[in-house]
Amino acid sequence: MEKIIDETKQGNSLVLEPKKENGRKLFIESYGCQMNFSDSEIVASILSKEGFNTTQNLEEADLVLVNTCSIREKAEQTVRKRLEKYNAVKRINPGMKVGVLGCMAERLKSKFLEEEKIVDLVVGPDAYKDLPNLINEVEEGRNAMNVILSKEETYGDISPVRLQSNGVSAFVSITRGCDNMCTFCVVPFTRGRERSRDPQSIVEEVNDLAAKGYKEITLLGQNVDSYLWYGGGLKKDFKNATEMQKATATNFAGLLKLVAEAQPKMRIRFSTSNPQDMTMDVIEAMAKYPNICNYIHLPVQSGSDRILQKMNRLHTREEYFELIDNIKKLIPDCGISHDIITGFPTETEEDHKDTLSLMEYVKYDFGFMFAYSERPGTMAARKFEDDVPEADKKRRLQEIVDLQQKHSRYNTEKFLGKTVEVLIEKESKKSDAHWSGRNSQNTVVVFPKENYKVGDFVNVKVEDCTSATLIGTPVGYSDNN
């Protein structure tokens with residue numbers, strides 16, 4: 001499950017280069033995970049061909065779309081508030097149409113359209129190509145809805161427009177959907193079964209990004225390690241593939257190799273990984289290619305075997321340790337981050353201690369830590385009572401956060417006195433005299449600007465650190481430029 005939710009980007013509206021011939025205005029806002037921001041770019045790209053330019057001015061929009069997430073309650077409340085705001089504007093501008101895209105659309109379709117009548121169209125994550133028809137429906141005065149989850153849609157042939165990013169790092173979607181039925185997660189129900197994108201179209205997109213000056217890509221999916229291309233179709237149907245299809249299939253390690261060799265100067269990252277699909281050949285590919293970053297986001301969710309089983313995670317504590325040992329053996333300086341949910345139904349103090357001891361074993365660089373909150377539509381919501389008292393959840397979460405702070409500090413201090421390669425992404429938040437970028441392990445590095453510029457690969461000698469950031473002095477360009 002991919003939960004890299006960047007709080008600073010929530011609710012950003014997308015802006016693209018306007019086309020002179022386009023007469024209509026689109027306002028599109030995104031919430032949730034990186035997948036949603038990536039999807040918004042695809043939607044903008046489709047609608048730009050339909051005569052829509054993007055605008056950041058809500059009041060002048062002909063069409064307002066909000067791309068939603070249904071992982072967290074907070075996101076849901078935010079979207080509801082936004083819809084109320086759009087409707088206030090709609091009273092002034094009755095021609096404006098409002099639509100909901102994405103994961104929440106799937107779950108709340110009848111509520112939004114029929115009961116509350118707050119939107120004109122509802123579009124699930126697989127129906128974006130149908131948007132032009134849906135918009136025509138709406139313009140003729142009908143409510144439009146298409147939330148059918150597709151078995152084959154992977155958007156391989158639409159190249160997303162990426163003008164909003166820093167022009168340095170880009171996201172490339174390689175799979176959609178997920179087959180792991182983790183009991184706390186709604187993704188398989190909102191994004192459908194897992195299917196992979198043609199490796200050739202991925203390599204073409206990466207080459208195209210390199211030609212446009214991008215220096216780093218992140219291969220993206222709910223579960224990238226289980227990527228499998230055998231000519232199209234669902235991952236779960238691979239067992240019925242022909243012998244020829246099986247022999248010529250491309251798995252995730254194969255895809256990494258293709259991308260790394262296509263652009264040897266480009267940094268390659270990927271997210272999110274799932275422990276049970278993280279095979280040795282992936283770790284070996286990372287060790288072999290210097291341009292694949294030494295960083296793995298490896299959600300564990302809990303350190304207790306009993307809770308892992310209840311979550312329907314397909315790995316045990318022991319298997320996770322073995323995986324960590326293999327990673328550290330082959331890539332000694334690999335950065336590793338986690339997702340942890342505390343307070344899952346029936347979690348005891350013993351289970352909680354298992355999570356803390358697992359963290360002690362791994363000593364993660366950083367992580368995403370949450371107290372469990374029930375998500376409608378998930379197996380856990382149907383089957384388990386949310387029975388851990390709020391006060392216990394809060395305290396356990398605090399203990400996990402405190403321990404993570406300690407480990408983060410331990411890991412950043414290991415870089416003191418060392419020289420690391422940094423890709424400059426932007427100006428430092430705290431000082432306009434400093435650049436900010438990340439090293440291979442995904443740790444943020446801040447250093448004086450001097451004559452360097454965004455997009456340069458620079459060697460930086462680390463002199464100081466906080467638990468989250470390395471601070472240093474540039475000592476020259478790296479070989480990557």
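Which helix gives the most to the negative patch? Helix 11 (residues 317-330) does, with four residues, where helices (H or I, at least four residues) and strands (E, at least two) are DSSP runs numbered from the N terminus. The model is predicted, so that local features need pLDDT of at least 70 and side-chain atom pairs count only at pLDDT 80 or more, while totals for chains, interfaces and linings use all residues. Residues are numbered from 1 along each chain as its sequence is written, and side-chain values use heavy atoms, with hydrogens and water left out.

**Surface charge**

- Asp 305, Glu 318, Glu 319, Glu 322 and Asp 325 form a negative surface patch; patches are made of residues with over 30% relative accessible area and no salt bridge, like charges being joined within 9 Å and nonpolar side chains (Val, Leu, Ile, Met, Phe, Trp, Tyr) within 5 Å.
- Accessible areas come from the Shrake-Rupley method with a 1.4 Å probe, and for residues only the protein chains shown count as cover.

**Salt bridges**

- The count comes to 25 salt bridges, each being a side-chain nitrogen of Lys or Arg within 4 Å of a carboxyl oxygen of Asp or Glu.
- Glu 216 forms a salt bridge with Arg 269, with the closest N and O atoms 3.1 Å apart; this pair links strand 11 (residues 216-220), which holds Glu 216, to strand 14 (residues 267-271), which holds Arg 269, across 53 residues.
- Glu 216 counts as buried at 0% relative accessibility, and Arg 269 is likewise buried, at 4%.
- Arg 438 also forms a salt bridge with Glu 216, the closest N and O atoms being 2.7 Å apart, and because Arg 438 lies in strand 19 (residues 434-438) and Glu 216 in strand 11, the pair ties together parts that are 222 residues apart in sequence.
- Salt bridges that share partners join Glu 216, Arg 267, Arg 269, Glu 421, Glu 425 and Arg 438 into one network.

**Aromatic pairs**

- There are nine aromatic pairs, counted where rings of Phe, Tyr and Trp (its six-membered ring) have centres within 6.5 Å, with planes under 30 degrees apart taken as stacked, over 60 as edge-to-face and the rest as tilted.
- The rings of Phe 27 and Tyr 86 are edge-to-face, since their centres are 6.5 Å apart and their planes stand at 75 degrees; with Phe 27 in strand 2 (residues 24-30) and Tyr 86 in helix 2 (residues 73-92), the pair ties together parts 59 residues apart in sequence.
- Phe 27 counts as buried at 4% relative accessibility, as does Tyr 86 at 0%.
- Phe 344 and Phe 384 also make an edge-to-face pair, with ring centres 6.0 Å apart and planes at 75 degrees.
- Ring pairs link Tyr 295, Phe 366 and Phe 368 into a cluster.

Notes. Lys and Arg count as positive and Asp and Glu as negative; His and the chain ends are not counted. The place of a charge is taken as NZ of Lys, CZ of Arg, CG of Asp or CD of Glu. Buried means under 20% relative accessible area, exposed over 50%, partly exposed in between (1.4 Å probe, protein chains only).
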